[in-house]
Each structure stands twice: as structure tokens, then as C-alpha cells.
Amino acid sequence: MEGDVPPLSPEQALQLVRNGGALLCRDVPAATAIGIDLRTYAVGERFQGIKMIPPHAVHFLTCGGEVERSGVFLAFPPAGVHVLAWDGATELLSPQPPSDDRRRLEEAVRRMEFDGCLGPYPLATEGQWRALSCFVSEAVLSRANVPLGTVVVAGGIDDEGGAPTEALQPFHEGAARVARFVQLDPRRRGGGLTGAELTRYHTDHSEFVAGLLQREYGGGANGEAEGALLGELQLAFILFLQLSSLRALTQWKLLVHTLCKCEALLMSRPGLFTKFLSTLRAQLHFAPHDFFVDSELSEDNFLLGALTNLASATEDQTYCEQLTEELDRFWKFVHMRFEVDVRQLRCDSALDDDAPVVVEEEIDSSVPM
């Protein structure tokens, strides 16, 4: 944990212990990989949990190895305590149900009786975690069928994402769940799109995204729907990053691809895209510098295509000050980290637009040639 906690005076450390959240993790075997947010550790024999957890935010506790990992989303009020217990049969770390024993343990943690066996939260990563998770709320998690305190697993790539929530409830309390995402493929959505709508979709996804905000993400005022959409974007990225969920990766890619081709919506909802670009910038910090060079890493540079669409959609456009500044920050970041220049993206997009289009038509065999 060296370097994960900045130097603290005894007074600062005591204040963080008293005001921060705490996790009491019971019966975890030594050498088990336990992670919180962006750090994972192989715990020792004396490990019984984590202290100094920043309150008023959602945190993600993980356990397991490289092949199989599970996680639990938790939130902490100031001085809040969660008690989790290790199940040797399932090798899952799950929240302990309410009981007199749990309440006794919570009070013991607040009295600092376990302080010597609790590791400090990696405070050096707090800002980075907030940038990755600031839109992941209790409502976002509930919509995705993984409410606070539920054990989450990666799930299979072919798991159905559009099934009703009721069909995905666990068979017993504490059973693991797989995140349920909004269906983004217009061809697989109930009712689908008309021919005219599908044509407009392939030109500009704005109308499609506006419909998603209204129907799937709650609509409403004050940016609530936009926050729900961005929360799902962040949730998908976190589950891919921390649980290696290919299903979550697919959803993240679809969301990024969809949002990067919304020329009209960039004008009508600049706040959404200001927050989207800031979120995407935080996520791309985790991509290697050769992401756009190594096609195995980027799966034929799907993101390069998305950024080309974004570069083309924003060319010669005038936006509000906040979006203009965020676009400038975003393109500077992409250039510095990946050596990808927005001007070259726009040039490539123009060349693609000017290329001849070949339309293949089916030949009706009943018509004589």
C-alpha cells in the first residue's frame, strides 16, 4: 500500500478514521485478493477490513482472482460501517444481514476496537475514482439490477440484457447478480425502428438517444435522465475494469459509439456532452498509450471510428463556453496520450465521405434477365 496513502499527521489520520466509513470483513483467508475502488491487495492474516473510506460516494469492493471476481457496491454516510462475511463455500464476501451481532460489531468498529486490523483506504486514488464513478448512484444501480449491497459478477457475454427485472431476482438472499443494461441496438429493441427512423439513425443518433433518455433513463428535468445514462456508462466501464466483464465492455463500447455520433444533440444538450467528454477522458486514462496502434487491444480501433465521428460532428460548430472548453481539453488529452490529432480525424472523415458508395441489391430470380 506504499504510495496509496499520502503522509498524514496523527490528528489528520484520527479525523479520517472517525469521520470516514469503515468495512469490517470477517473470516477472509490470508492471501485473498481484496480490492476497493482502484486498488487490489493480497491481504495478510491480521486483515479485518478497511478504514478511512471517503463518505458520500459509491464504492466498489471486490474479491477473487484474475479468473473469477465478484464485487459489491456500497455507500457510506460519515462514520458509516458495513460488516461483510466470507463464505468459504461460495468464496464470496457478502454483507452480513441485520442482527444484534452485526450491530455490536458496528459499534465496536466505531469505538476503534478493530483499528489495528483495518487497512487505510487508498486516498491517493480518491480523485481518480470520483471521476470514474460520480454518476453511479443508488438509482443507477437499482435500474441495472445490482442495488447497493448486492454481490455482482461479470456474467456471460450472451446474457439477455433486456429481460424484466423480476426475472433476474436471485433465488435466495445474497445470491450474485449480473448487471442488466439498456438495449442500445435499435434492431433488437422491442418494436425496432421504422425504415425512415433507421435511415436517420445511421446518419445521426441524436433522435435515438433523445428517445432513450425519455423512455429508458427516466426523462424528467434537471438532467436526471442524462445523469442516469452517464451513470450506466460509468457502471459498464467499472465492471469491465474491475471484473473483466466482456458484457459490460460491449455496453460501454455501444454507449461511446452512440454518443459520439449525435451532431444535433450536441447543440440541444451541451451539458450532457460536456459531462460525457469529461467522463470519457477519465476512462481513457486507463487505456495504454498504443491503444490506437495495437488493433488487438482496441479490437480494430472501434474507438478511433467513434472519435472520427465526434471530430466530424463538431467541426466548424459553435457551442456554449463549457462544451467548447471541454472539447478543447478532450482533444488535447487524446493528442498527448495517444498521438491522435483531431485535424487528421476530420481529414480521414472527409475522405470517407467522398468515397464512392456501392449499393448491393438482391436480384429477384423470378424476373427474366
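Guide: A residue is called buried under 20% relative accessible area, exposed over 50% and partly exposed in between, with a 1.4 Å probe and protein chains only. The model is predicted, so local features need pLDDT of at least 70, side-chain atom pairs count only at pLDDT 80 or more, and totals for chains, interfaces and linings use all residues. Residues are numbered from 1 along each chain as its sequence is written, and side-chain values use heavy atoms, without hydrogens and water.

Most residues other than glycine have a negative phi. His56 sits in the loop that joins strand S4 (49-53) to strand S5 (58-64); strands (E, at least two residues) and helices (H or I, at least four) are DSSP runs numbered from the N terminus. With a relative accessible area of 65%, His56 is exposed.

Met112, also a residue other than glycine, has a positive phi near 65 degrees. The loop of Met112 runs between helix H2 (100-110) and strand S9 (118-120). Here the relative accessible area is 30%, and Met112 is therefore partly exposed.

Of its 369 residues, 46% count as buried. The chain exposes about 19300 Å², of which carbon and sulfur atoms supply 52%; accessible areas come from the Shrake-Rupley method with a 1.4 Å probe.
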